[in-house]
Amino acid sequence: MKILITAGPTREPIDPVRYLTNRSSGKMGYALAAAAAKRGHEVLLISGPTSLDLPPGVDYLPIESAADMYQAVESQIGRQDIAIFAAAVADYTPAQVADQKIKKTGEQLTLTLEKTKDILGSTREVMNFSGTLVGFAAETENVEENARGKCQRKSCNLVIANDVSRRDIGFDSQENEVMLVYPDRTESLPKDRKDHLAYHLIEIIESL
Ligand code: PMT
């Protein structure tokens with residue numbers, strides 16, 4: 001099958017030398033890409049900047065900002081059977097990008113941010129994607145309830161939820177512990193190494 005996977009953080013430019021980003025290392029998305037390729041799928045990895053090596057046998061589209069990721073997904077999703085959104089995409093981006101490095105003038109500096117486009121939330125209605133759609137949910141409270149809301153609003157077949165208030169799992173750790181939130185039920189998986197977990201997740205997603 002053809003599988004598109006998003007991974008890593010986005011970088012939202014403030015000026016030529018500064019950006020807003022988050023703690024995603026890309027490990028979860030890259031582990032999914034590696035597992036899917038090992039299982040014989042044709043994998044396209046669309047990723048923000050990471051320090052990880054590209055898994056063997058995976059096609060790669062590097063992006064920087066949330067807007068870049070939106071465009072890359074929009075141009076590629078029509079060819080895919082499955083789309084898995086593991087990237088930590090910025091929800092807000094600076095409304096203006098300064099042409100020159102912002103100078104240190106006043107005691108305070110106020111940045112105005114504007115909403116980015118919701119990529120996962122655009123796949124069904126805007127991009128007309130009819131394949132299997134898997135989102136992630138990075139939550140710090142009410143994990144199952146919030147993930148179920150995302151699953152319903154974004155018409156996902158599955159949302160993989162992780163509690164990102166924990167330092168031992170989620171962002172930038174070797175392990176993760178996830179809850180699988182389907183439209184009609186929830187299942188919890190035990191904490192495991194991201195590479196083992198990814199293999200199991202790909203098997204589950206194949207069966208959807
Ligand atoms: O990269 P690692 O260090 O291994 O960490 C893994 C992870 C914690 C980043 C990963 O497991 C994870 O939870 N990824 C989703 C992070 C996130 O942005 O979650 P969210 O709840 O804010 O977003 C919900 C879903 O919408 C996600 O599938 C996200 O990719 C997608 N999204 C979000 C915003 C946006 N503008 N467009 C999107 O498509």
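How far apart are the end C-alpha atoms of helix α1 (residues 27-38)? They are 16 Å apart, which agrees with the 16 Å that 12 residues should span at 1.5 Å a residue; the expected span is 1.5 Å times one less than the number of residues. The model is predicted, with local features needing pLDDT of at least 70 and side-chain atom pairs pLDDT 80 or more, while totals for chains, interfaces and linings use all residues. Residues are numbered from 1 along each chain as its sequence is written, and side-chain values use heavy atoms, without hydrogens and water.

**View 1. Helix α1 and the residue Gly40.** Helices are DSSP runs of H or I with at least four residues, and strands are E runs with at least two, numbered from the N terminus. Nine of the 12 residues of α1 are buried, so the helix is largely enclosed by the rest of the structure. Buried means under 20% relative accessible area, exposed over 50%, and partly exposed in between (1.4 Å probe, protein chains only). Among the buried residues are Met28, Tyr30 and Leu32. Gly40, which follows α1, has a positive phi near 90°.

**View 2. Polar atoms around the ligand.** An oxygen atom of the ligand lies 2.5 Å from an N or O atom in the side chain of Lys150. A ligand nitrogen is 2.9 Å from a polar backbone atom of Ala86, and a ligand oxygen is 3.3 Å from one of Lys27. Polar contacts here are pairs of N or O atoms within 3.5 Å.

**View 3. Tyr92 in strand β7.** Tyr92 belongs to strand β7 (residues 92-94). At 43% relative accessibility, Tyr92 counts as partly exposed.

Technical notes:
Polar contact = N/O pair within 3.5 Å; in protein donor to acceptor, adjacent residues only side chain to side chain.
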